[in-house]
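Please keep the sequence and the coordinates in view while reading.

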Amino acid sequence: MPRYKVVVVNLGYGSYHVEREILEPIGVELILAPKDCLTEEDVIDVARDADAILVREAPISARVLDALNRCKVIVRYGVGVDNINLEAAKQKKIYVANTPGYGTEEVSDHAAALLLACIRKLLIRDETLRQGKFEIDINDTIYRTTGKNLGIIGYGQIGRAFHRKWKGFLPKRVLVFDPYVTPELIQEDGGEKVDLDTLFA
């Protein structure tokens, strides 16, 4: 008989075999919610007697935390914990953890793809090509990346990963606004710490 009960309150992955491989040897029963928990009531219904909760976006409010009888740990599939009331969890002595590095490479890849799409006018070019107009008919200016200034707002894991990847496009300057990061760290990466007005200018 399992010693502990861990409930996944947000579904969304094709398989939970990794979680089972880790948890079952230590006497954990992994329970998948029958549906995505989108409301406080949904979470309470499936996790009231859980020893731990694995969550993505479900609301883990003070009301939810107050209704949990045995919970000692809440782990977020992701970096941010905005959907978890940390103060209420602290009062109930429930440990809250996240997944550092979750999505850093994917989000920074996507940011680079979106910036390239803007610079190279990919959506406009795709639309006009589908209308039978070829490149010689396009009057929009298309920019190069080499020698241009790049501005990065926020220099956490994703901002740094994006900067690392964009170096290959040979920017002239990389201007970074982040009040929480030291100028030395940004300089080590080849960037320049500036205020927001300077970056926008």
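**Reading surface, backbone and charge**

A: Ile153 belongs to strand E6, which spans residues 149-153. The model under discussion is predicted.

Q: Is Ile153 buried or exposed?

A: A residue counts as exposed when its relative accessible area is over 50%. Ile153 is exposed because its relative accessibility is 52%.

Q: Which residues make the nonpolar surface patch that includes Ile153?

A: Ile153, Leu196 and Phe200 make this patch, which covers about 310 Å².

Q: Where does Leu170 lie?

A: Leu170 is in the loop that runs between helix H7 (157-166) and strand E7 (173-177). Phi of Leu170 is also positive, near 55°, in a residue other than glycine. With a relative accessible area of 53%, Leu170 is exposed.

Q: How many salt bridges does the structure hold?

A: A salt bridge is read from the separation of a side-chain nitrogen of Lys or Arg and a carboxyl oxygen of Asp or Glu, which must be within 4 Å. The structure holds 10 of them. One of these joins the side chains of Glu40 and Arg63, with an N to O distance of 2.8 Å. Because Glu40 lies in helix H2 (residues 40-47) and Arg63 in helix H3 (residues 62-67), the pair ties together parts that are 23 residues apart in sequence. Glu40 is partly exposed, at 25% relative accessibility, and Arg63 is partly exposed at 43%.

Q: What is the distance between the closest N and O atoms of Arg56 and Glu57?

A: Those atoms are 3.8 Å apart, and the two residues form a salt bridge. A buried residue has under 20% relative accessible area. Arg56 therefore counts as buried, at 18%, whereas Glu57 is partly exposed at 49%.

Q: Which residue forms a salt bridge with Lys165?

A: The partner is Glu105, the closest N and O atoms being 2.7 Å apart. This pair links distant parts of the chain, 60 residues apart, with Glu105 in helix H5 (residues 104-119) and Lys165 in helix H7. Glu105 is partly exposed at 36% relative accessibility, and Lys165 is partly exposed at 23%.

Q: Which residues are linked with Glu105 and Lys165 in a network of salt bridges?

A: Asp109 and Arg164 are linked with Glu105 and Lys165 in that network.

Notes: Residues numbered from 1 in each chain as written. Predicted model: local features only at pLDDT ≥ 70, side-chain atom pairs only at ≥ 80, totals over all residues. Heavy atoms only, no water. Helix = DSSP H or I, 4+ residues; strand = E, 2+ residues; numbered from the N terminus. Buried < 20%, exposed > 50% of the residue type's maximum accessible area, 1.4 Å probe, protein only. Patch = residues over 30% accessible without salt bridge, like charges linked within 9 Å, V, L, I, M, F, W, Y side chains within 5 Å. Areas by Shrake-Rupley, 256 points an atom, 1.4 Å probe, with all protein chains shown as cover.
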